[in-house]
Amino acid sequence: MKIFFLFTFSTFFWSPFEQAAASVHYDKILTHSRIRARDQGQNVCALQQVMGTKKKYFSTCRNWYQGAICGKKATVLYECCPGYMKMDGMRGCPAVAPIDHVYGTLGIVGATSTQQYSDISKLREELEGRGSFTFFAPSSEAWEQLDSEIHRNLIDNVNIELYNALHHHMVNKRMLTKDLKNGMTLVSMYNDQKLLINHYPNGVVTVNCARVIYGNQIATNGVVHVIDRVLTAVGNTIQDFIEVEDDLSSLRAAAITSDVLDILGKPGHYTLFAPTNEAFERLPRGLLERIMGDKVASEALVKFHILNTLQCSEAITGGAAYETLEGNTVEVGCDGESLTVNGVKMVKRKDIVTSNGVIHLIDEVLIPDSAKQVIELGGAQQTTFTDLMIQLGLASSLRPEGQYTLLVPLNGAFSDDTLRMDQRRLKTILQNHIINVKVGLNELYNGQELETIGGKLLRVFLYRTAVCIENSCMVRGSKEGRNGFIHILRQIINPAEKTLHEMLRNDKRFSVFLSLVKAADLDDVLSQPGKWTLFVPTNDAFKSLTDDDKDILIRDKNALRNILLYHLTQGVFIGSGFEPGVTNILKTIQGGKLYLKTVNDTLLVNELKSRESDLMATNGVIHVIDKLLYPADLPVGNDQLLTILKKLIKYIQIKFVRGSAFKEIPLTFYSPEIKYTRITAGGSDNEEKLKKLLEDEVTKVTKFIEGDGHLLEDEEIKRLLQGAGTEYTKVTKVIEGEPQIIEREIKKVHLEEAPVRKEQPTRRTQGGTARRRTRLAYP
């Protein structure tokens with residue numbers, strides 16, 4: 001950094017402290033340019049020149065490595081850094097440029113037209129005299145590009161108009177680029193006119209949107225910065241300009257309707273992308289009328305065209321996102337000499353500078369998501385869904401004042417077979433993608449249930465890097481519109497209809513696995529409500545299993561349960577919910593670990609490919625595999641069993657430890673859905689009712705919670721409880737988490753039935769149906 005700052009002040013203007021303080025964007029970019037050119041000799045800077053133009057930049061790293069500026073190829077130039085000169089026969093730029101007064105410095109930096117006009121306007125004497133000035137000197141090319149009529153008027157009246165115009169480019173104190181802070185306002189030497197300074201992170205410094213192309217040329221009485229255009233006076237606000245510009249009457253009406261116009265009359269640093277009347281005329285009439293008739297939507301529309309930062313066109317050398325007053329962002333970039341907004345060339349006129357910002361006229365109206373109806377939020381990759389919504393009459397049923405969430409599959413999710421379905425079936429499918437409430441991405445949580453307009457309940461699953469609804473996971477692109485949210489999904493949602501057990505029973509591919517499940521007494525696990533992930537081998541995995549082998553396996557129930565429960569894990573894990581390429585470790589009910597990852601959209605389980613994944617059940621999900629899974633660290637101690645397993649499992653080496661036994665796995669890891677009866681009794685006249693209820697309702701008793709009273713002394717009640725299928729145990733306190741409780745108190749009879757589960761009841765979003773509860777009360 002010290003080497004860089006030598007050129008600006010030679011030996012007598014800056015202290016070491018001042019040199020350190022000069023670390024600002026322009027100077028940093030210049031330092032990088034020196035580094036890039038270090039092989040060219042001392043004090044040489046590397047620049048990029050846009051091909052076909054005279055525009056040159058000390059480039060950012062991004063532009064440098066892309067070899068382009070504003071999408072156009074840029075060639076590399078090597079020039080003396082500001083303040084240095086070449087010497088004949090010597091490499092690089094070893095000489096310090098001479099220091100002269102401001103007038104002489106204009107010639108040193110090549111601003112010869114400005115020097116000439118200073119001479120004929122009688123400004124030369126002042127520029128050579130005592131003082132400390134900053135001169136923003138237009139280059140000779142800048143004078144050539146000035147509107148011919150304005151140029152002629154200046155030359156025709158050099159003593160007043162030209163003199164005043166040059167004074168407008170001057171400040172009565174020395175301001176180096178390090179002093180030109182972003183957003184500051186300087187007072188010029190003509191009539192105290194304002195000069196708006198912007199100092200951007202890419203190193204560009206602008207004065208009233210004119211770019212400093214050669215800065216910090218020190219003079220004995222100030223400093224000269226060469227700029228790329230002639231400055232004109234700035235007086236009006238953005239509001240003033242809109243109110244008098246005929247071509248902005250539609251924007252003016254919208255800004256007045258939405259109460260936004262007054263904002264543009266206040267002090268600030270705004271950028272307005274102002275749609276012309278022609279841009280408004282191109283909007284569909286119904287769309288414009290709807291937005292203008294909705295104050296919230298019209299306010300969003302106008303604010304979406306306003307940035308709270310001042311973005312001059314010359315500062316934009318690549319695309320970047322900028323936040324609007326509406327709250328969302330627009331992408332502002334460039335394509336050669338043209339500005340782009342959201343990737344589209346639409347700027348007709350650039351850099352209309354006002355006292356509180358800059359205006360760029362555009363020929364398209366930018367409509368933010370917040371002003372759109374939810375059905376209008378779909379993009380190019382969701383047109384199949386939106387087209388079907390319109391064709392099937394569902395789009396018209398979404399009321400503008402309603403609240404909706406659309407779960408929209410990508411176009412590729414709709415196969416030809418799906419599109420050829422009967423329209424009634426298609427309509428049902430689409431209804432399962434419409435929620436009657438607004439649910440934003442940050443409002444979704446694991447285990448949440450969303451009720452569709454078709455009456456289906458959709459479960460939400462949250463993972464580390466994914467949000468899934470049933471079998472389909474979201475991709476980026478969620479949006480909020482005026483009457484709802486849209487979330488983009490990879491697949492069509494298939495709401496679950498059957499339990500895991502029913503799905504196995506109805507698919508012949510799984511008949512062998514199901515028979516083993518039944519033999520291991522695991523039917524209830526797969527039939528009862530829960531949240532499971534089941535890896536199911538097809539019958540192909542058991543081809544080498546003989547009937548005798550099967551009998552041997554079934555006789556060893558502990559071994560069978562260990563093997564089968566290694567295929568079951570608690571929680572619902574959707575294949576596309578896993579972070580691609582990363583190994584995910586799941587603990588199985590057996591206690592071992594499964595290693596899962598997705599590669600090229602294929603789920604691998606212990607490196608075995610899942611042939612079909614994400615088959616949704618009401619109590620979990622199935623991933624189909626074609627081999628039996630077995631924990632590699634689990635030893636076998638039986639020769640017969642080892643022989644059988646070696647037939648079935650060839651992808652790992654099974655350990656053999658003679659005499660080792662499989663651990664017993666009790667069925668305490670799940671809570672079957674059963675009924676409980678809470679009993680309070682008083683008086684013998686109610687005992688007949690109690691007996692009748694037990695006889696009709698009780699099917700299984702797992703615990704008996706004893707209290708005070710005499711019910712247990714009744715032999716008939718004891719018989720009914722024992723006949724229910726399980727012995728009861730007397731305890732003196734409630735055991736938390738048990739699936740069934742029978743509790744009594746000495747009061748009056750009060751009977752209540754409801755499902756009892758280990759987990760807490762699932763919360764529903766607004767619009768969900770409440771869990772059904774039956775209450776019987778006896779006076």
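## Crossing of α6 and α10

The crossing of α6 and α10 is left-handed in this predicted model, and its residues divide into five nonpolar, three polar and no charged. On the α6 side, Thr114, Tyr117, Ser118 and Ile120 take part, and they meet Val158, Asn159, Leu162 and Leu166 of α10.

The geometry of the pair can be stated as an angle and a distance: helix α6, spanning residues 112-120, packs against helix α10, spanning residues 158-167, at an angle of about 135 degrees, and the two axes lie 9 Å apart.

## Nonpolar cores

The largest nonpolar core holds 47 residues, of which Leu504, Phe542, Leu568, Ile622, Tyr630 and Phe669 touch the most other members. When residues up to four places away in sequence are left out, Phe542 touches Val512, Phe513, Leu516, Pro537, Leu628 and Leu648.

## The chain as a whole

The chain contains 26 helices and 44 strands, and 51% of its 779 residues count as buried. Among the contacts between residues at least 6 apart in sequence, 64% join residues that are at least 24 apart.

Conventions: Residues are numbered from 1 along each chain as its sequence is written. This is a predicted model: local features need pLDDT of at least 70, side-chain atom pairs count only at pLDDT 80 or more; totals for chains, interfaces and linings use all residues. Side-chain values use heavy atoms; hydrogens and water are left out. Axes are lines fitted to C-alpha atoms, for helices over the stretch in contact, and angles run from 0 to 180 degrees between N-to-C directions. Helices (H or I, at least four residues) and strands (E, at least two) are DSSP runs, numbered from the N terminus. A crossing is left-handed if the near helix is turned anticlockwise from the far one by less than a right angle, and right-handed if clockwise. Contact means heavy atoms within 4.5 Å. Ala, Val, Leu, Ile, Met, Phe, Trp, Tyr, Cys and Pro count as nonpolar, Asp, Glu, Lys and Arg as charged, and the others, Gly among them, as polar. A nonpolar core is a set of buried Ala, Val, Leu, Ile, Met, Phe, Trp, Tyr and Cys residues joined through side-chain atoms within 4.5 Å. Buried means under 20% relative accessible area, exposed over 50%, partly exposed in between (1.4 Å probe, protein chains only).
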